Amino acid sequence: TSQFRAFNDILYPYCMQQDEIKLNSTYLVDQYILETLYFATNGDRWDLNDKWLTSDNYCTWNSRDSQGFDLGVSCNTDDEVTMLDIWANNVEGMLPRELGDLRKLSYLDFGDNSLHGTIVSEIGNLRKLSYLDFRDNSLHGTIALEIAQLTDLEYLDFSYNELTGSIPSEIGL
């Protein structure tokens, strides 16, 4: 599974060096979530992935696209993930539920990719989210009511997917 691959990828260097894990638990959890996302969405096939899964701090896992935009991970001064901008990057697969545990995330853009499956209800845990873009993917099902828990949400785009029903009125945009 993508979870198993992420777990092994994180722990293997420590086992080989027989070192103590010196990073804080928040850092390890965020790295695990990002690696789970990478493996669940075929990150090895992304157009821009050259800095992902390196030994560098995950806050540097970003690249500049041909139009000059930075894509990837951005963090605050405490190395907590605040932005995931991976639009138009050949991302395919299903979003992992673990994504909902990036509690400081305020910006999430997966527009113009090939995501399928449903929008995971755990997205509702991202209470600081102000920007959410899943436009132009192959997501299906209904929009989870948990999206209404995103009270800081200012921008939402689910267009050009295979979603059914309407945006829940509780969202209040």
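So, is glutamate 92 buried, exposed or partly exposed? Glutamate 92 is partly exposed, because its relative accessible area is 26%, and for that label a residue has to fall between the 20% and 50% cut-offs. Before I go on, keep in mind that what we have up here is a predicted model.

Let's stay with glutamate 92 for a moment. Who is its partner in a salt bridge? That would be arginine 45, and the closest N and O atoms of the two are 3.7 Å apart. Now look at where they sit: glutamate 92 belongs to strand β4, residues 92-93, while arginine 45 is in the loop between α2 (25-40) and β1 (62-64), so this pair ties together parts that are 47 residues apart in sequence. Arginine 45 is partly exposed too, with a relative accessible area of 46%.

How many salt bridges does a search of the whole structure find? Five. Here are two more of them. Arginine 64 forms a salt bridge with aspartate 70, with 3.0 Å between the closest N and O atoms. Arginine 64 counts as exposed because its relative accessible area is 55%, whereas aspartate 70, at 41%, is partly exposed. Then there's arginine 97, which forms a salt bridge with glutamate 122, where the closest N and O atoms are 3.0 Å apart. Arginine 97 lies in the loop between β4 and β5, and glutamate 122 lies in the loop between β6 (114-117) and β7, so here the parts being tied together are 25 residues apart in sequence.

Okay, on to the strands. Please find β3, residues 81-85. Why do we call β3 largely enclosed by the rest of the structure? Because four of its five residues are buried. And who are its neighbours? Strand β2, residues 70-75, runs antiparallel to β3, and four bridges join the two.

A pair of aromatic rings is described by the distance of the centres and the angle of the planes. In this model the count comes to 11 aromatic pairs. Take tyrosine 58 and tryptophan 61: their centres are 6.2 Å apart with 70° between the planes, and the pair is edge-to-face. Tyrosine 58 has 0% relative accessibility, so it counts as buried, and tryptophan 61 is buried as well, at 0%.

Now compare the rings of tyrosine 107 and tyrosine 131. Their centres are 4.2 Å apart and their planes are at 10°, so we call this pair stacked. Tyrosine 107 is in strand β5 (residues 107-109) and tyrosine 131 is in strand β7 (residues 131-133), so the pair ties together parts that are 24 residues apart in sequence. Tyrosine 107 is partly exposed, because its relative accessibility is 22%.

One last thing to pick out on the screen: which residues form one aromatic cluster? They are Tyr38, Phe39, Trp46, Trp52, Tyr58 and Trp61. Thanks, everyone!

Methods:
Residues numbered from 1 in each chain as written. Predicted model: local features only at pLDDT ≥ 70, side-chain atom pairs only at ≥ 80, totals over all residues. Heavy atoms only, no water. Phe/Tyr/Trp six-rings, centres within 6.5 Å; stacked < 30°, edge-to-face > 60°. Buried < 20%, exposed > 50% of the residue type's maximum accessible area, 1.4 Å probe, protein only. Pairing = 2+ DSSP bridges. Salt bridge = Lys/Arg side-chain N within 4 Å of Asp/Glu carboxyl O.
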